[in-house]
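Keep the viewer open as you read.

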Amino acid sequence: VADDVDDQYVTIPVKLTEEQMPKDRWIRAAEFRAGGKWVHHIIARPIGGIAPGYEARVMRPGYSRKLPAQAELKFQMHYHKEPGEGTGAWDSSEVAVYFWPKGTVIEHVKITEALPARGFMIPAGDGNYSHGGSYTFDVDSEIISFNPHMHLRGKAAKMVATFPDGTEKVLLEVPKYDFNWQTTYKFKEHVQVPKGTQIDMTLWWDNSAENPANPDPTTDVVYGRPTTAEMGFGWMYHTPSEPVHIVVGEEDAPSADAPGDMGGGE
């Protein structure tokens, strides 16, 4: 990560060999360790990823996602730091993957949805700007967890379910979002949602001088990849309610990852 880097995206392809991965494996847990504070995020589907505050991801018994044999993993690295002489560094980020053993029965293949909030513009000085997105289930499902994602102006997040009979339920409310402590909120009991349930996500940003993390409260801010721009996602991890029956080492099933998967916990 060179001295003059402010924001940098690098994609590093890693082809798993037949010796390393002769067969499909089913992921039980994964842990990423950033090489330094200049790592904004790592994405490596289908293993998962990391952003500031993330912990190791551990699946419940019966839940998993597949890492295909001899897959080509693409590690999307996003670096952010203050440029200047002597600020450069070598990145040695790491990832460890723990697999379910042969004979384990998988009943639920984990799916990732990114509820995006795009096409917004946060006016300079606005301390309570909001925008959102939604998703409607097309099969009976269970929600495993949520992971709101914004950048430095992120303020709060809320996830609300509207069921087919019109009733509503708040599933997640984060009143004080912190970019440096991003969390996957896991349900102790997975939320059962019937087909037709709509999930509405609302995100809030603070682009005022009252936000100590705000890089520049005098600038209108739009959606963008740099850390000093803004993003808005609500990663939702779910699975169909109807169980499958996959015996590790004996059967196969398609992978169930959505584009941009950050790989949340169970």
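The second largest pocket holds about 330 Å³ of space. A pocket here is an open set of points on a 1 Å grid over the protein atoms alone, where a 1.4 Å probe fits, with protein on both sides within 12 Å along at least five of seven lines; the volume is the space filled by probe spheres set on the points, which are joined across faces, edges and corners. Of its 14 lining residues (an atom within 4 Å of a point), Lys37, Trp38, His80, Lys81 and Glu82 are the closest to the centre.

Before going on: this is a predicted model, so local features need pLDDT of at least 70 and side-chain atom pairs pLDDT 80 or more, while totals for chains, interfaces and linings use all residues. Residues count from 1 along each chain as its sequence is written, and side-chain values use heavy atoms, with hydrogens and water left out.

Now the rings. There are eight aromatic pairs in the structure, meaning Phe, Tyr or Trp rings (the six-membered one for Trp) with centres within 6.5 Å; planes under 30 degrees apart are stacked, over 60 edge-to-face, the rest tilted. Tyrosine 135 and phenylalanine 137 make an edge-to-face pair, at 5.1 Å between centres and 90 degrees between planes. Phe120, Tyr129, Trp205, Tyr223, Phe233 and Trp235 come together as one aromatic cluster.

Charges visit rings too: the charged end of arginine 225 sits over tyrosine 9's ring, 3.6 Å from its centre, and that of lysine 110 over tyrosine 237's, at 4.7 Å. The test is NZ of Lys or CZ of Arg within 6 Å of the ring centre and within 35 degrees of the ring normal.
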